[in-house]
Amino acid sequence: MTRRAGKTILALALALGVLTGCAPADEDPNTGRAASPARTIPFDLYTHCGIEEARIGSTYFEAETPLSDGSGNPPEGWGNPTQHGTMTLKSETEAVFTDDAGHEVRFRARPGAKAPKHMCA
């Protein structure tokens, strides 16, 4: 293959990648920036008044589906006042709590929140 043919094939391959929306595996196709890998950390989820929120670092997250026993306590099978597990930060705005008992709670960041929604006694 000649140099010119090789350059032409390379140019076509690059053009096809752009036209089909291909992005490197570690790049967010929407922003073109490097995607942050999910990060899992040990986490004690506060459950005393039900499962509504989690504070991760300085960000307040709210449960997509709040959980309680109907009387402001955690549901049956959850620890009180906390449940030990892990929190996986999927992105800056998404997190998932899981534990060895099989519980899973999905959270979304509350933009601009500086305090919890409710104070629990």
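A polar contact is a pair of N or O atoms within 3.5 Å, and within protein one of the two must be able to donate a hydrogen and the other to accept it. The views below show a predicted model, and one of them contains such a contact, between the side chains of glutamate 62 and lysine 117.

**Figure 1. Overview of the protein chain in the predicted model.** The chain contains one helix and six strands. Read from the N terminus, these elements follow the order α-β-β-β-β-β-β. Of the 121 residues, 25% count as buried. Among contacts with a separation of 6 or more, 55% are between residues 24 or more positions apart. The accessible surface amounts to about 8600 Å², and carbon and sulfur atoms contribute 54% of that area.

Figure 2. Glutamate 62 is partly exposed, its relative accessible area being 26%. Beyond its neighbours within four places in sequence, glutamate 62 is in contact with Glu52, Glu53, Arg106, Phe107, Arg108, Arg110 and Lys117. Proline 116 lies 54 residues from glutamate 62 along the chain, and their C-alpha atoms are separated by 9.2 Å.

**Figure 3. Strand β6 and the strands paired with it.** Strand β6 comprises residues 104–109. Strand β3 (residues 59–67) pairs with β6 in the antiparallel sense over three bridges, and alanine 63 has phenylalanine 107 as its bridge partner in β6. Strand β5 (residues 94–98) also pairs with β6 in the antiparallel sense, over five bridges; here the partner of valine 96 in β6 is arginine 106. The hairpin formed by β5 and β6 has five residues between the two strands, and glycine 102 in its turn has a positive phi of about 95°.

**Figure 4. The two faces of strand β6.** In a regular strand, side chains alternate between the two faces of the sheet. In β6, the covered face consists of Val105, Phe107 and Ala109. The uncovered face consists of Glu104, Arg106 and Arg108.

Figure 5. With neighbours within four places in sequence left aside, leucine 45 is in contact with Ile51, Glu53, Ala54, Trp78, Pro81, Thr82, Gln83, Phe97 and Phe107. One of these contacts, Phe107, belongs to the covered face of β6. Leucine 45 and asparagine 80 are 35 residues apart in sequence, with a C-alpha to C-alpha distance of 9.6 Å.

**Figure 6. The disulfide of cysteine 49 and cysteine 120.** The structure holds one disulfide, in which the S to S distance is 1.5 Å. The link is right-handed, with 70° about the S-S bond. Cysteine 49 lies in the loop between β1 and β2 (51–56), whereas cysteine 120 lies in the segment after β6, so the pair ties together parts that are 71 residues apart in sequence. Cysteine 49 is partly exposed, with a relative accessible area of 29%. Cysteine 120 likewise counts as partly exposed, at 27% relative accessibility.

Terms used. Residues are numbered from 1 along each chain as its sequence is written. This is a predicted model: local features need pLDDT of at least 70, side-chain atom pairs count only at pLDDT 80 or more; totals for chains, interfaces and linings use all residues. Side-chain values use heavy atoms; hydrogens and water are left out. Contact means heavy atoms within 4.5 Å. Helices (H or I, at least four residues) and strands (E, at least two) are DSSP runs, numbered from the N terminus. Buried means under 20% relative accessible area, exposed over 50%, partly exposed in between (1.4 Å probe, protein chains only). Accessible areas come from the Shrake-Rupley method with a 1.4 Å probe; for residues, only the protein chains shown count as cover. Two strands pair if DSSP finds at least two bridges between them. A disulfide is a pair of cysteine sulfur atoms within 2.5 Å.
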